[in-house]
Each structure stands twice: as structure tokens, then as C-alpha cells.
Amino acid sequence: MPRRGLILHTRTHWLLLGLALLCSLVLFMYLLECAPQTDGNASLPGVVGENYGKEYYQALLQEQEEHYQTRATSLKRQIAQLKQELQEMSEKMRSLQERKNVGANGIGYQSNKEQAPSDLLEFLHSQIDKAEVSIGAKLPSEYGVIPFESFTLMKVFQLEMGLTRHPEEKPVRKDKRDELVEVIEAGLEVINNPDEDDEQEDEEGPLGEKLIFNENDFIEGYYRTERDKGTQYELFFKKADLMEYRHVTLFRPFGPLMKVKSEMIDITRSIINIIVPLAERTEAFVQFMQNFRDVCIHQDKKIHLTVVYFGKEGLSKVKSILESVTRLVNHIHSKVLDI
């Protein structure tokens, strides 16, 4: 009896061991079936049965990298525009807040109002000190001299006209005429209402009245403009019955630069139009088309070429040259207009 129980126990042990091995084998086969393929020539998803090599993966990675770089550039441009708009809005809000505070505080408004003209006058006087009004400047040569141009009540004489028969400007532009009229009026104001520090004495007329100058007493004037400082005016007045002149020097200083507009211009979609007039010179046109192909088409294809040909001789050859070059580089934005 004990021997039969031992045999039964042994068989049960081997049966369990076999079942365990069978389960392990089934699990191993399942893992092999579900494992991913590691073959280097395996096909890519999307196209069944088609194999891809190393070049395909490199091209795919390069394409994705270019796409991400383009996207990053676009995002950087948008961020820069947003920062600029935010800065402008901040400046506007700050300006509105300052105006609000000034309106609420009358003392602050008065102090700012007094401070601004003093700063402005200080800047304008500094411009006069820098200009060649009272003190000359050392120049490297005669080409550095800024010449004067003369004017009267009716005419303006310019150096650009040269020694022609009529060197005066005809007609005088409205802006220049208004400018010179304003200068003459300012000179009359200086003479007729002198300041205490002016080196002139009040003169009296034949009947003892105060001597008043008018625009008819203006003889001539000179002016020149220093582009970074301002315009200097030399005015001369004389009464018909007096033996002396009145000389007035005025200076219109230029103020600092002021921002008007700042914007970003996208030229990625801009097209450059090149118009070439031509007549007979086919050999030169061959050289031009070679340079056009190497410089323009190969570097930037967003160029439209228009050849305007004058005459009939050589027209067919020019057309054939243009067609051969455009066909070779696949450039469709080219045409010939014959006149």
C-alpha cells in the first residue's frame, strides 16, 4: 500500500512539471510573436512591401528639421512684433498716466511746464555753439566749406544753377518763399524792437520820431544749412537816406530726431522686376543671360525678367537665347517685348 502511494505521488509530480514546461513554451512563443521586427530592411509603415534605406531616413530627418526651423523663425518674428507692440502700449499708458497726474496736480504741471522750455532752450543754444555762426571751424580742405546762397525779396540765387544766364530759381518754391519771408520778418523785429544786450542805439527820423525799418529796406541776405545743426541767415537792411547798414544774424537750429514709425517688412514673397532695354547687342545679351542665370536664378528664383527689344534685327536670336536659358533652369518668369 505505501508503495502504490509513492508511485502515485511521483506521477503527479511529473505531470505538474510537464504542465509548467508547456505553459513556459506557450508563453515564449507568444513573446516571440509579439516582439517588434529588428531587420534593417524592414518596410516603413504607410507603404506595404516597400523597403527604405539610410538615405530615406536622413532626408526625412532633414525635412522635419527644416520645417521646425521655419516654424521657429516665424515664432521668433511674432514674438518680436508682440514685444514691440507691448512696448508701444506701455509708453502710451505711461504717457496717459503722466497726463492724468499732471491734470490732478497743478503745482507739478507748473514745474514741468517751466522745466521743459529751459531744457529746450539749453539744447537750442548748444546747437548754435556747435555751428559756424560766431566761431569758425578748422576744415581739412576747401571741399569741406559749406557755401552760402543769396536771396532778395523776389529771387533766390543758387549755386546748383551754375554760371548760367539766369542763375536765380524760377519759380521759388512755396516752402522756401515762406521760410525766407519769415526770416525777413524776424530780422525786422530784431531791428525795430532791440533787446538790451544788442549793440545798437535807437535812431530818430528827420522829425524826431523813432526810425522804423520795413521789408522795403531789405537789401539782400545769405543763408546756408548745416545738416546736423541748423540754418544760418545773414540779413542786411538799409534806409535810403542813411549811410549805414543794419546787419542781423539769425540761426534756425534743428531739433533732435523723433520717431515716426517702426515696422517689420517681410520680403519672403516679394518679386523683383528687372527690365532690360536692348537693341541688336546679342553678344552682350548672351553674357548678361549667363550672369543672370548664375547670380539671380540660382540664388533667388523670385525674379521677373522683361527684355524690351527695339527693332526687328536680332529679335529672333534674342528670343531663342532667352528661351534656351529659361528652359535649362526651369525659369518661367521671363518675356520679350518688341517695340
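Contact is taken here to mean heavy atoms within 4.5 Å. The structure is a predicted model, in which local features need pLDDT of at least 70 and side-chain atom pairs count only at pLDDT 80 or more, while totals for chains, interfaces and linings use all residues. Residues are numbered from 1 along each chain as its sequence is written, and side-chain values use heavy atoms, with hydrogens and water left out.

The secondary structure of the chain comes to six helices and eight strands, where helices (H or I, at least four residues) and strands (E, at least two) are DSSP runs numbered from the N terminus. Read along the sequence, these elements follow the pattern α-α-α-β-β-α-β-β-β-β-α-β-α-β. Of the 339 residues of the chain, 20% count as buried, a term that stands for under 20% relative accessible area, with exposed meaning over 50% and partly exposed the range in between (1.4 Å probe, protein chains only). Among the contacts in the chain with a separation of 6 or more, 57% are accounted for by residues 24 or more positions apart.

Over residues 12-32 the chain of the model is 100% helix and 0% strand, and the end C-alpha atoms lie 31 Å apart.

Five strands form an open sheet in the order β2-β1-β3-β4-β5, with antiparallel pairing, two strands being counted as paired if DSSP finds at least two bridges between them. The edge strands of this sheet are β2 (156-157) and β5 (246-253), each of which pairs on one side only. Strands β3 (residues 218-226) and β4 (residues 230-237) run antiparallel and are joined by eight bridges, and Thr-225 stands opposite Thr-231 in β4. Phe-237 is also found in strand β4 and is buried, with a relative accessible area of 0%. Although Phe-237 and Phe-218 are 19 residues apart in sequence, their C-alpha atoms are 4.5 Å apart in space. Not counting residues up to four places away in sequence, the residues that Phe-237 touches include Ile-184, Leu-188, Phe-213, Phe-218, Tyr-245 and Val-248.

Another buried side chain is that of Lys-176, a residue found in helix α4 (residues 174-192), for which the relative accessible area is 8%. With residues up to four places away in sequence left out, Lys-176 touches Val-156, Gln-158, Glu-169 and Tyr-223.

The buried residues of α6 are Leu-315, Val-318, Ile-321, Leu-322, Val-325, Thr-326 and Val-329. Seen down the axis of α6, these buried residues fall within an arc of 130°, so they line one face of the helix, the arc being that of the directions from the helix axis to the C-beta atoms. On the other side of α6, Ser-316, Arg-327 and Leu-328 are exposed. The cover over the buried residues of α6 includes β6 (272-278), α5 (282-297), β7 (303-309) and β8 (334-338). Helix α6 is followed by Asn-330, whose phi is positive, near 60°.

In helix α5, the buried residues are Thr-282, Phe-285, Met-289, Phe-292, Cys-296 and Ile-297, and they pack against β6, β7 and α6. The loop between β6 and α5 holds Glu-280, whose phi is near 70°, a positive value in a residue other than glycine. Most residues other than glycine have a negative phi.

The largest nonpolar core has 18 residues, and those with the most contacts inside it are Phe-285, Met-289, Phe-292, Leu-305 and Val-307; such a core is a set of buried Ala, Val, Leu, Ile, Met, Phe, Trp, Tyr and Cys residues joined through side-chain atoms within 4.5 Å. At least two residues of this core are supplied by each of β6, α5, β7 and α6, and α6 gives the most, with six residues. Met-289 touches Leu-305, Ile-321, Leu-322 and Val-325, not counting residues up to four places away in sequence. A second, separate core of 17 residues includes Leu-180, Val-183, Ile-184 and Tyr-233.
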